[in-house]
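Thanks for coming, everyone. Let me put the structure up, and then we'll walk through it.

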There are 4 protein chains.
Amino acid sequence: MPGNTFGSLFRVTTWGESHGPALGAVVDGCPPKLPLSVKDIQTELNRRKPGQSKVGTSRKEEDNVEILSGVFEGKTTGTPISLLIKNKDQRSRDYSIIKHLYRPGHADLSFDLKYGIRDYRGGGRSSGRETASRVMAGAIAKKYLHLKEKTQIIGHTLQVGSIQATKFDPKVIEKNPLRCADLTAAKKMEKLVLDIKKDGDSVGGIAEFLVKNVPKGLGEPVFDKLEADLGKALFSIGTVKGVEFGEGFNVTNLKGSDNNDQIVLKKGKITSKTNYAGGIYGGISIGTDIIIRVAVKPASSILKQQQTVSKTGKSAKIKVDGRHDACIIPRLIPVAESMIAITLMDHYLRQQTII
Amino acid sequence: MPGNTFGSLFRVTTWGESHGPALGAVVDGCPPKLPLSVKDIQTELNRRKPGQSKVGTSRKEEDNVEILSGVFEGKTTGTPISLLIKNKDQRSRDYSIIKHLYRPGHADLSFDLKYGIRDYRGGGRSSGRETASRVMAGAIAKKYLHLKEKTQIIGHTLQVGSIQATKFDPKVIEKNPLRCADLTAAKKMEKLVLDIKKDGDSVGGIAEFLVKNVPKGLGEPVFDKLEADLGKALFSIGTVKGVEFGEGFNVTNLKGSDNNDQIVLKKGKITSKTNYAGGIYGGISIGTDIIIRVAVKPASSILKQQQTVSKTGKSAKIKVDGRHDACIIPRLIPVAESMIAITLMDHYLRQQTII
Amino acid sequence: MPGNTFGSLFRVTTWGESHGPALGAVVDGCPPKLPLSVKDIQTELNRRKPGQSKVGTSRKEEDNVEILSGVFEGKTTGTPISLLIKNKDQRSRDYSIIKHLYRPGHADLSFDLKYGIRDYRGGGRSSGRETASRVMAGAIAKKYLHLKEKTQIIGHTLQVGSIQATKFDPKVIEKNPLRCADLTAAKKMEKLVLDIKKDGDSVGGIAEFLVKNVPKGLGEPVFDKLEADLGKALFSIGTVKGVEFGEGFNVTNLKGSDNNDQIVLKKGKITSKTNYAGGIYGGISIGTDIIIRVAVKPASSILKQQQTVSKTGKSAKIKVDGRHDACIIPRLIPVAESMIAITLMDHYLRQQTII
Amino acid sequence: MPGNTFGSLFRVTTWGESHGPALGAVVDGCPPKLPLSVKDIQTELNRRKPGQSKVGTSRKEEDNVEILSGVFEGKTTGTPISLLIKNKDQRSRDYSIIKHLYRPGHADLSFDLKYGIRDYRGGGRSSGRETASRVMAGAIAKKYLHLKEKTQIIGHTLQVGSIQATKFDPKVIEKNPLRCADLTAAKKMEKLVLDIKKDGDSVGGIAEFLVKNVPKGLGEPVFDKLEADLGKALFSIGTVKGVEFGEGFNVTNLKGSDNNDQIVLKKGKITSKTNYAGGIYGGISIGTDIIIRVAVKPASSILKQQQTVSKTGKSAKIKVDGRHDACIIPRLIPVAESMIAITLMDHYLRQQTII
């Protein structure tokens with residue numbers, strides 16, 4: 001059973017391989033009459049696109065989105081929105097190495113085990129390039145939620161290697177290549193990443209996401225709780241190895257009397273005094289900020305020699321050249337924001353059916 | 001849109017409130033001809049049931065499962081399996097406190113925000129009691145995978161408060177009330193929990209799950225990756241605030257060259273030398289162990305006085321008496337194992353369609 | 001992949017075999033705060049229950065519904081509603097004939113081909129008894145739509161054998177055993193059925209359904225059009241062999257200029273002058289009556305000797321005694337009404353997401 | 001909740017408006033390693049494309065399919081297959097009439113009632129042009145089932161107006177513009193259609209579909225029975241107003257003893273002596289031919305003056321010029337065959353999970 005569709009009511013289907021002619025997304029279920037332009041989507045795509053800085057890959061893709069359906073006279077019509085990017089920088093290159101040898105950390109072996117066939121060019125469907133489709137769809141969800149509910153999703157780099165951000169200034173996030181909210185830490189992170197890049201290696205870290213102005217009542221117990229669907233959304237991104245909400249793994253150090261958010265009135269409205277839970281109770285939002293952190297592994301593509309096995313079952317050494325991301329977190333941030341937006345949008349529509 | 005069904009091909013729907021007449025599960029999609037008895041399910045249910053030890057609640061429920069359909073002459077028939085437990089220990093008690101006051105950390109407020117009505121008796125649908133239904137369904141998935149693939153899911157308590165297990169002896173897990181694989185640590189954990197219980201408080205921790213003999217090729221890119229669906233399964237459990245696979249949040253300390261699992265031949269079979277990834281690559285299993293850790297918050301039910309607000313919007317103090325779990329991890333373990341089993345079973349059936 | 005759930009937002013899962021301990025339905029997605037009692041459901045169940053008249057089976061089942069969850073203090077809570085009927089009249093009888101021989105027209109052979117195993121007692125899951133679960137769920141949908149939108153679904157017998165109703169008096173439908181809106185025709189139909197019953201045979205016919213006060217805008221192009229989902233709903237009933245909307249098969253005799261419903265104003269509201277389409281255009285309702293007719297085959301259970309083959313592949317003669325329906329239409333009517341109600345309710349909730 | 005996806009395991013999502021830049025389909029869940037070329041799809045598309053004969057519209061569209069993903073080195077890879085057709089013949093024309101006036105029989109009014117906005121150019125999403133996407137997806141399903149199971153789907157025109165085919169010679173179907181299996185009737189039908197066309201009108205009829213070499217065991221009781229999903233598939237086509245299986249509406253004239261297909265051995269295999277049921281019992285195929293007939297309404301687009309109402313609620317006359325189909329049945333046939341193929345393919349994959 002296939003798995004290329006996310007969401008129930010705001011339903012995103014993505015398609016496309018890294019080195020095929022194009023890639024895209026179909027968004028079904030977007031409410032009608034939302035003003036939507038190419039620019040709305042392109043702006044978000046540009047945040048993800050390769051070649052933005054030295055910490056990322058130097059692959060150049062213009063990533064120009066085309067809207068093929070679902071928008072008429074500048075507004076959505078309620079019919080499926082088809083979005084497409086043509087692949088341009090498909091360097092003609094020699095794929096003979098990865099055709100026959102499984103790259104460690106990649107999905108080469110697992111795709112062969114699953115399907116018995118794979119498009120080996122640049123990782124095919126398992127390439128991070130697929131996430132461009134998610135960003136296109138996410139741009140629509142972001143726009144809708146922001147227009148209707150002033151919802152805002154802020155992603156930033158909390159840690160790279162052992163370097164942690166200790167300040168949070170959201171204004172600087174988009175102004176440094178690390179998307180870090182602490183400029184001092186950002187500089188240290190950048191230096192670390194460039195050193196590691198020079199060495200042909202990659203580095204992991206932690207990204208954090210804050211959602212402001214969350215609509216109340218989102219989340220569907222008992223299985224489609226908001227944390228459950230957000231967790232799925234984030235774990236569906238290739239490099240994510242851990243997800244936590246609010247205090248997350250730190251709960252082990254807390255007692256119930258510490259961790260329970262007391263309930264209070266602020267300006268006549270019921271809310272929580274603290275936010276250890278990260279905005280979700282029993283799987284349902286109450287309007288306080290959602291707080292999420294994700295652990296991002298060091299990108300699997302490195303320039304070092306590694307041990308592997310060939311398709312025909314022989315031990316081998318592999319060394320893959322190419323243009324890769326020494327630290328993927330800055331480019332993961334718009335992708336993760338998009339998955340969060342899509343999930344919230346889906347649950348926002350789901351909540352409309354509680355009448 | 002409702003959220004009480006989990007899975008696509010092995011589809012589990014649960015129903016029932018904490019203090020209603022009964023609770024249950026309908027399992028649709030179980031393959032035919034699986035030998036299945038009440039005992040198969042009861043054995044797992046007994047591992048979750050309340051009143052097993054002093055670290056958990058003293059609520060007594062016999063939790064006797066009845067199989068109402070889908071099994072004929074001791075075998076499944078391919079039709080839906082309806083499983084039911086009658087609630088027995090519904091102490092007649094005074095609910096006037098939680099009827100009017102929202103308990104901190106609980107879903108009282110969020111259910112009211114979402115539905116505008118709630119069954120307040122014992123938390124109603126948001127009670128942990130609902131997870132008994134999951135254990136019943138999980139018992140079927142476990143049995144099937146074990147018979148067909150020798151798959152085994154081992155859950156154990158890794159940490160409670162600051163006390164960590166440092167040994168792993170699976171044989172002792174079911175022999176101590178903490179379900180810890182390290183007997184020395186288990187004793188310290190038990191003492192800690194009882195001290196905290198005496199104080200009317202609760203404590204959090206970390207549980208780990210190892211899956212042995214995982215079928216290869218499970219997981220459906222790009223959204224229904226195995227980590228994505230396992231992540232959702234685990235975050236759908238009320239007390240889980242963090243989930244990680246393999247090295248998890250520790251990836252921030254690793255470089256690509258450390259974290260990539262080299263690919264090797266063992267006894268002529270392709271596998272990985274290490275298992276930092278936790279058995280899943282590009283969202284697909286390769287047959288190595290799946291390794292998962294979950295952060296479990298201290299149970300929200302405590303006996304201390306807390307600050308809250310009433311339904312009518314007035315500040316108040318709340319102090320709830322009752323029988324609760326000072327440390328929920330030992331009882332969470334069979335629940336989480338069940339969700340893992342259900343997810344693997346669903347993906348096992350999904351993989352049958354790759355023909 | 002299993003098929004025992006119908007609907008997306010108003011989601012009905014049924015379970016149970018003809019001669020198992022019980023059968024039931026879980027309704028997930030019913031809006032909260034709907035007043036709901038056992039009586040609301042029992043009233044509809046009684047319309048379907050066996051033993052009402054001589055044209056139907058003499059099997060006696062009290063069919064007493066129990067509500068096990070999802071209703072609190074007389075109102076739905078938004079959580080799943082579990083409904084159960086215990087089977088009582090499970091005559092201990094000799095099943096050795098149908099255990100080994102496939103009954104013509106029944107699902108005995110096809111279940112064995114599909115599952116390789118079947119509960120042969122009374123047809124097991126393929127028995128018409130399963131439709132009691134649909135009627136329970138349908139009663140909830142009917143009540144909701146009637147309260148909110150005054151929607152009314154009127155089913156009646158249009159034809160039995162060659163006898164056609166020529167009048168339409170809705171008041172008499174529930175007052176004759178045929179559920180015919182024409183009392184004169186009803187008497188002729190009854191005589192025909194009793195003659196055929198005496199002969200150990202059964203007879204088919206046509207039922208018609210009118211939906212009044214249909215909410216506007218229901219139906220989701222391009223695949224989940226209202227006719228598509230209603231068509232599926234009705235063809236999921238075992239004895240239905242044809243479905244048509246509005247003019248149906250008669251369109252072959254019409255030209256576009258005859259068949260197009262001209263659009264007019266009535267009391268200042270846009271509507272159609274005629275209703276050849278049966279209330280649905282481009283898969284979407286416009287508020288005019290939905291008109292559906294279904295062809296109902298003669299029940300497969302007859303008392304005559306028939307030719308068949310045994311499980312072990314030998315030619316044989318089969319003659320099954322028992323209590324059966326010589327004309328199933330009167331009991332099919334509440335079942336089909338229920339499926340129509342469930343479908344409309346599902347689409348009513350779906351339409352709430354067009355915001 | 002959107003409705004532009006059909007199927008569960010073989011999942012087809014279509015997008016595109018009649019006069020937008022392009023239209024297409026994403027097919028998710030096609031098994032890997034199926035040889036697939038542009039030609040495989042183009043051949044089927046050409047059967048549907050406009051401008052083939054005088055009985056259909058003279059709109060000229062080359063309808064050249066592009067495969068954008070999911071196929072590598074001539075074979076499917078198990079990843080989503082994205083198919084696209086660019087719209088070419090988008091005559092610049094005056095849409096002011098249908099912008100303001102609702103065309104009788106069309107979805108103009110119902111789309112406005114549902115979405116509050118619509119792309120009025122050529123009917124937008126509600127145009128029959130959307131079915132080109134279905135034919136592309138259907139071509140893949142047809143090819144797979146034919147390669148694996150020799151399954152063949154034969155559609156032909158049974159009746160146009162009052163002219164009925166009385167012979168069945170499958171070889172002539174593709175050799176006459178009516179797709180009629182009776183050449184004598186075909187000529188009469190053609191004359192009738194051309195006369196009606198001259199008059200600016202349209203005519204309805206009946207198409208029949210035979211499926212040969214049906215895999216056994218397809219269909220999922222109790223709701224996703226094979227008739228239920230085929231019925232939905234066919235009713236999702238805009239012009240279909242009736243669907244029947246086997247004897248269909250003729251069952252009203254039959255007794256159980258006539259209509260029950262006796263079970264016999266043929267060449268040592270269990271099968272049915274007759275096929276009144278149309279190949280499906282209890283919702284499950286047994287390998288005999290599936291027989292379906294659909295009632296096709298006269299196309300709503302006619303050149304005659306009709307009565308209507310404007311968007312602003314004023315009575316008006318409408319007369320739409322343009323190129324339309326006087327008899328849509330010949331072009332509906334490949335569309336309906338495609339929907340049948342997609343449904344069977346979906347159930348074929350579903351049956352793989354019965355292990």
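Start with one pair: Val12(D) stands opposite Val27(D) in E3(D). The model is predicted, so local features need pLDDT of at least 70, side-chain atom pairs count only at pLDDT 80 or more, and totals for chains, interfaces and linings use all residues. Residues are numbered from 1 along each chain as its sequence is written, chains are lettered from A and ligands numbered from 1 in the order written, and side-chain values use heavy atoms, without hydrogens and water.

Strands E2 (residues 11-16) and E3 (residues 22-28) of chain D run antiparallel, joined by 6 bridges. Strands are DSSP runs of E, at least two residues; helices are runs of H or I, at least four; both are numbered from the N terminus. Pairing takes at least two DSSP bridges between two strands.

What packs on the sheet? Helix H4 (residues 131-149) of chain D does, touching E2, E3, E4 and strand E7 (81-86) of chain D. Contact means heavy atoms within 4.5 Å.

Next, two helices. The axes of H1 (residues 38-48) and H8 (residues 329-351) of chain D come within 7 Å and cross at roughly 140 degrees. That makes H1(D) oblique to H8(D). Oblique is what remains after under 35 degrees (roughly parallel), over 145 (roughly antiparallel) and 65 to 115 (roughly perpendicular). Axes are lines fitted to C-alpha atoms, for helices over the stretch in contact, with angles from 0 to 180 degrees between N-to-C directions.

Last, the copies. Chain C superposes on chain A by a rotation of 180 degrees with 0.0 Å of shift along its axis (RMSD 0.0 Å). The two copies are thus related as by a two-fold rotation axis.

Terms used
Least-squares fit on C-alpha atoms with pLDDT ≥ 70 in both.
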